[in-house]
Amino acid sequence: VEGDLLLRPVDPGAAAIWRRALQAAAYGKLLSGPGSSGPGSSGRPGTIIIQTVEIIKSSVTFQGGMLTVTVANGPTGQILYQAGEFQLPDVANKDDVIKFDVFQQVAAPAQAHAAVFFEIRHRAKKSTKYWSFVDMATVNYGACSFQIYKAPIEYRLPRHGAFLLPKRDSRLYLTLAPGA
């Protein structure tokens, strides 16, 4: 119906961001709706929705940055496949907080002992600057956040007492949803 639109983005790029945000909200509603598994319920997630990457006091600028998603065998570190690669918006200065609204989704791995690694690169095809991981054996449906670490990355789940370099207060925000 003409004139019924409550929100009209002025910037064409903003329309895509709003669309992705609404899709993420729909997945959240799906998780809490009647007859479906809600947050905290048991079940293997089928979809990983990458919401936001938040880096506090970065030491680099992000020009042509990339977010690479890799699935590996958690205990052995053997890379199984690359699940996705997403362009990050350019950030010309080193603000106190750099926030990337990604709103992309990848299929969750079905393999036993799988872990998903998220690599944040400050330039395309360059080495990893920051990274995070999800041990798929320990997560359930719902919204969650994970610590971001400084490079170097090792494609295996950290053992108890392993030496990791956390990027203080920096987080990766995900939604884990049932498969389609």
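This is a predicted model: local features need pLDDT of at least 70, side-chain atom pairs count only at pLDDT 80 or more; totals for chains, interfaces and linings use all residues.
**Note on the sheet and its aromatic pairs**

1. T70 stands opposite Q82, the latter lying in β3. Between β2 and β3 the pairing runs in the antiparallel sense and extends over 7 bridges.

2. Taken as a whole, the sheet is open and is formed by 8 strands, which follow one another in the order β3-β2-β5-β6-β7-β8-β1-β4 with antiparallel pairing. Its edges are β3 (79–87) and β4, each of which pairs on one side only. On average, and with direction ignored, neighbouring strands of this sheet are turned by 25° against each other.

3. Turning to the side chains, the structure holds 7 aromatic pairs. One of them joins F62 and F100 in an edge-to-face arrangement, with 5.2 Å from centre to centre and 70° between the planes. Because F62 belongs to the loop between β1 (47–56) and β2 (66–73) while F100 belongs to strand β4 (residues 97–107), the pair ties together parts that are 38 residues apart in sequence. Both F62 and F100 are buried.

4. Another pair is made by F117 and F133, whose ring centres are 6.2 Å apart and whose planes stand at 35°, so this pair counts as tilted. Distant parts of the chain are linked here, since F117 sits in strand β5 (residues 114–121) and F133 in strand β6 (residues 130–135), 16 residues apart. F117 is buried, as is F133.

Technical notes: Residues are numbered from 1 along each chain as its sequence is written. Side-chain values use heavy atoms; hydrogens and water are left out. Rings of Phe, Tyr and Trp (its six-membered ring) pair if their centres lie within 6.5 Å; planes under 30 degrees apart count as stacked, over 60 as edge-to-face and the rest as tilted. Helices (H or I, at least four residues) and strands (E, at least two) are DSSP runs, numbered from the N terminus. Buried means under 20% relative accessible area, exposed over 50%, partly exposed in between (1.4 Å probe, protein chains only). Two strands pair if DSSP finds at least two bridges between them. Axes are lines fitted to C-alpha atoms, for helices over the stretch in contact, and angles run from 0 to 180 degrees between N-to-C directions.
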